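Here is a short note to read beside the model. Take the points in order, and find each residue on screen as you go.

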Amino acid sequence: MTHDELHEKAEAERARQAGFAKRVRCCTASGCQACGAGEVHKAFEVAIEQHDKDDTIEVVPTGCMGLCGQGPLVTVEAPGGEVLYEQVTPALAGRIVVEHLQGGTPVAEIVVDTSVPFFAAQTKIVNENSGKIDATRIEAYLAAGGYAGLAKALGELQPGQVIDEIRASGLRGRGGGGYPTGLKWAITRKVEQEQKYVVCNADEGDPGAFMDRSVLESDPHRVLEGMAIAGYAVGATQGYIYVRAEYPLAIERLKTAIRQAERQGLLGNRILESSFSFRIDIRVGAGAFVCGEETALLRSIEGRRGRPRPRPPYPSESGLFGKPTVINNVETFANVAPIIRNGGAWFAGIGTPKSAGTKVFALAGKIRNTGLIEVPMGIPLRTIVFDIGGGTPEGTTFKAAQTGGPSGGCIPAAHLDLPVDYESLQAVGSIMGSGGLIVMDSTSSMVDVARYFMEFSMDESCGKCIPCRVGTVQLHGLLDKLTHGDATAADLELLEELCVMVKETSLCGLGQAAPNPVLSTLRFFRDEYLAVLQPAERS
Amino acid sequence: MARTERAMTATKPAPAAHPSGDKRFKLLDRAINLHQGNGHALIEVLHTAQNVFGFLEDDVLLYIAHALKRPLSQVYGVATFYHYFRLKPAGEHTFILCQGTACYVKGAPQLQKAVEHRCRARFGETTKDGKVSLLTARCVGSCGLAPVAVVDGQMASKMSEADALARLNAWLGDDGKAGAP
C-alpha cells in the first residue's frame, strides 16, 4: 500500500459510512458480552432486517463504551443526535428499532443521561475510538485516522525525530513505573545491534484493572500502530505482544487485526513501500502475575519460567534473547500514534507539566458508576470518585480508594483532594499503577484488605529471592493472626519491621511493592489494626 | 552433495506419528512445526497441548520435550510454574471464580464458601464424581460486573449465591450427595 492508497481507503470507508442515515453501535467487549450483548446485537440485526427496507440503518459491533456496570450498552446515531442506552435486552432492541429509529422518539426509560460528569469530565485520547468503531475491521480504524501516525513517521520523520516528538510529549510509562518513554526508546536506539525487539506488555495482572483489555478489544490496531512506530524509531523489525490467557476476546481481536494489517501492507515487509519492515507476533501468557514484571515477561516469551533477573542491564540494552528491547505496556503504545499525528507539544499541553496526557482508570468496587474512564492527569481524586464515579452506594460512606493493586496503597478520605499524578500518589504511599481504582466504603475492613493483597503476593511470588518467598508468607501469617484477633502488640511491631525488610531487599517489583498495601493501611488506618489486637494488648 | 542435502531435509521437523496412533498428536505436531520446533515456543505449544488434550499428562510433556529438544525437567518446570496449565484431568464442568479485588470487595469470599460447601471440594480441586472442577482466576477484567464467575467458558456477571448454587445443582443433581465418598 502507498500513502495515497491509505488515504483513498480511509475516504472510501468514510463515504460508505456516510451512506447510512442512522447507525446502531452495540458494545461487544467482554464486559457487555457477559450481560448478553451478543444476543442484543443479533436482535438488532434481525429487527433492522425486518423493518429497514431501504437500507438506511447500519448495525456496528464496537468496543467498550465505558459504563460497564450497566451493560449491555448501545448507542443510536440518528438525526437529532446520539443516544446512549443501558441494560438493553433483545426485546428492548426491537422497541428501539421501531420507536426510535423509525418513529424518532427514544425509548426514554433506558436512556442514559450523557451530560453527567461520568461522560462530560472525561478527555479521551487512548479511548478516542473505543465504542465508536468496529474493532474487527481495519477500514473502520483507517476512516478514524488510523495508521496516519505511522504514515507520517515513515514519510516525513527520521527515527531520531520520532523519538524527539515522544520526548517532547512527556509521555511516561503507563504500566505504573512512569519511566519517560522517549528516554527508553533513545537508549535502545543508541545500542548498536543488528537485531532489536519491541515488546508490548499486555499481561494486565493487577486485580481490578481492565484498561488494557478494553483497549485491545475496542481498538487493537492502535496498539499495533504504536508498536510499529516504536520499531521504526529504535530500529527493530520484530515485535511481540504478550497477552494474558484470561483475555480470549482480546487475543482473537489482536489476531484479526494483525492479519488485516499484514494484508494491507501496514505490517510485514516494506511497510507503506518504505524500507522499513516490521512483524508482530502474539505470545499468550499462562497465568503468572510476576510476568507483568518486564524481565520475567521477557523470560516467558523465551519459553521459560517467568522469573525476574536483577537489573541492570535493563531490557533497553539487553532484553529479549539478550538483544536491546523496548518494552512498554498497552496504554503507552496506544498514546504513540496520536502523539505522532498531532505533535508532542499537543500532548504535553494536556495534564500536568510532570505527568502529561491522560490516564485510563478502571473504576470498581463500592461505587455507583463502575466502568472505564479516561481523565487528564492531575485531576483531583475527589472528582474521579464523587463526580465521575457518582460516589458510594446509598447509605455508605467513602473510606478509601485503592490504586495500584497489590503493589499500591489505600488513599483515605483526608487525601481526596490529591491531584492524580505519579508523584502525588507516591507521596501518600500509593502508586499510579496500571489504572485499577477500587473504592472501599465503611463496610470494608482495611486489615482484611491488606491480608487479601498479601495472600495474592504470597501466591504469586515466583520463589526466586528469599525476602519475597519467605517474607510474604510470614507477613500473611501475621495478618491472618490479626484478622482472627489473636495478635499482640509485638506481632504488630514485627509486621512493620518485616514490611520494611521485604520492601528493601526483594529482587523485583513484586516483592519490593508487596508490603505497600500493609504499610499504607498502617499509615492511615492504624486504629483498625489496634482494634483487632488481643483485648489485653490494646492501648 | 545431493546426499547431504537429502539427509538434512530428512532431519527437519515432521516428527514421526505418535506410536499410540492418537490423532490428537497431529494437531500438536502442527503447532510444533509452526514454530519450526523452536524451544522458545514451549509455552505456545503447551497451550495447544492443553487445548487438544484437556490437560497435560506426562506422556504429552515427554513428547513435547523430545520435539522441542528441551530437557523434560525444563518442560515440567514451565508446566508447573504457570497456573494456567493443568496436570490433572478437569471435571466435566468448570466453575472459575474470580478473586480480583472488586469481586473480593463485592462478596466473592462468601460465594467461595457456599460453592465449596455445596461441592464438598475446595477451589483448585475437582468433585469426587468428576463432575465439576472448581478453579479460581486472579482477575478476569470485568470488575464493573463483580462478582464474576466463568461458568463452562461463559462469563457470568453479578453472581449471587443462589445463582451459583442453582448452576451447581443442575450439574451435580439435587440429591446433595454429589461429592460424598
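1. Start with a term. Two strands pair if DSSP finds at least two bridges between them. Strand 6 of chain A, residues 197-202, and strand 9 of chain A meet that test, with five bridges in the parallel sense. One place to look is V198(A), which stands opposite V326(A) in strand 9 of chain A. Keep in mind throughout that this is a predicted model.

2. Stay with strand 9 of chain A. Is strand 9 of chain A mostly covered or mostly open? It is mostly covered: five of its five residues are buried. In a regular strand, side chains alternate between the two faces of the sheet. Now trace the directions here. T325(A), I327(A) and N329(A) point one way from strand 9 of chain A. V326(A) and N328(A) point the other way. Residues on both sides are buried.

3. Step back to chain A as a whole. Chain A has 23 helices and 14 strands. Its radius of gyration is 24 Å, close to the 24 Å that the globule rule gives for 539 residues, so chain A is as compact as a globular protein of that length. Its C-alpha atoms fill a box of roughly 80 × 60 × 40 Å, taken along the principal axes.

4. Next, the packing of chain A. Of its 539 residues, 56% count as buried. Consider contacts in chain A with a separation of 6 or more: 73% of these join residues 24 or more positions apart.

5. Now the two chains together. How many residues of chain A are in contact with chain B? The count is 40 residues of chain A, in contact with 32 residues of chain B. Helix 2 (30-33), strand 8, strand 10 (358-365) and strand 14 (436-441) of chain A each supply at least two residues of the side that touches chain B. By class, that side of chain A has 16 nonpolar, 16 polar and eight charged residues.

6. Check the backbone next. Most peptide bonds are trans, and most residues other than glycine have a negative phi. Exceptions are worth a visit. A cis peptide bond joins G71(A) and P72(A), with omega about -5°. P72(A) sits in the loop between strand 2 (57-62) and strand 3 (74-78) of chain A. Another cis peptide bond joins P312(A) and P313(A), where omega is about 0°. P313(A) lies in the loop between helix 13 (294-301) and strand 9 (325-329) of chain A.

7. Finish with phi. Q87(A) is not a glycine, yet its phi is positive, near 45°. Find Q87(A) in the loop between strand 4 (81-85) and helix 4 (90-102) of chain A. Why is E273(A) partly exposed? It has 13 other C-beta atoms within 10 Å, and a residue counts as exposed at 12 or fewer.

Terms used: Residues are numbered from 1 along each chain as its sequence is written. Chains are lettered from A and ligands numbered from 1 in the order in which they are written. This is a predicted model: local features need pLDDT of at least 70, side-chain atom pairs count only at pLDDT 80 or more; totals for chains, interfaces and linings use all residues. Helices (H or I, at least four residues) and strands (E, at least two) are DSSP runs, numbered from the N terminus. A residue is buried if 20 or more other C-beta atoms lie within 10 Å of its own, exposed if 12 or fewer, and partly exposed in between; C-beta atoms are placed from the backbone. The radius of gyration is taken over C-alpha atoms; the globule rule is 2.2 Å times the number of residues to the power 0.38. Two residues are in contact if their C-beta atoms, placed from the backbone, lie within 7 Å. Ala, Val, Leu, Ile, Met, Phe, Trp, Tyr, Cys and Pro count as nonpolar, Asp, Glu, Lys and Arg as charged, and the others, Gly among them, as polar.
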